[in-house]
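Here's a quick briefing on the chain below.

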Amino acid sequence: NAQKIIEERFASIETSVEYINKSIDEGINPSLKTISETMNETSNTLVALQKEVEYLQGDIDTLKDENKNPLAN
């Protein structure tokens, strides 16, 4: 009789563990998808910002070149 109670308890624990694992797996996949999408958006933003910096650096270089002529002032 005690063995039967122990077997039923183990079966209950196994069911609980399976449920917990399934819940974790279902929660992880959407989270990873969200993180991946955020990373892609951040990467695209970074590329755009790098292009803006290059553009501004070109403007800075042009202004420096214009100010090199001491007679221009």
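Buried residues make up 0% of the 73 residues in this chain, where buried means under 20% relative accessible area, exposed means over 50%, and partly exposed lies in between (1.4 Å probe, protein chains only). Keep in mind that the model is predicted: local features need pLDDT of at least 70, side-chain atom pairs count only at pLDDT 80 or more, and totals for chains, interfaces and linings use all residues. Numbering runs from 1 along each chain as its sequence is written, and side-chain values use heavy atoms, with hydrogens and water left out.

**Overall shape**
- You get one helix and zero strands, read as DSSP runs (H or I, at least four residues, for helices; E, at least two, for strands) numbered from the N terminus.
- The C-alpha atoms fill a box of roughly 105 × 15 × 10 Å along the principal axes.
- Asn40 and Ile5 sit 35 residues apart along the chain, and 53 Å separates their C-alpha atoms.

**Two spots on the helix**
- Ile28 belongs to helix 1 (residues 2-66) and is partly exposed, at 39% relative accessible area.
- Asn40 is also placed in helix 1; its relative accessible area is 46%, so it counts as partly exposed.

**Surface and charge**
- The chain's accessible surface is about 6,900 Å², and carbon and sulfur atoms own 58% of that (Shrake-Rupley method, 1.4 Å probe; for residues, only the protein chains shown count as cover).
- There are 7 positive and 14 negative charges, with mean positions 4 Å apart; Lys and Arg count as positive, Asp and Glu as negative, while His and the chain ends are not counted, and each charge is placed at NZ of Lys, CZ of Arg, CG of Asp or CD of Glu.
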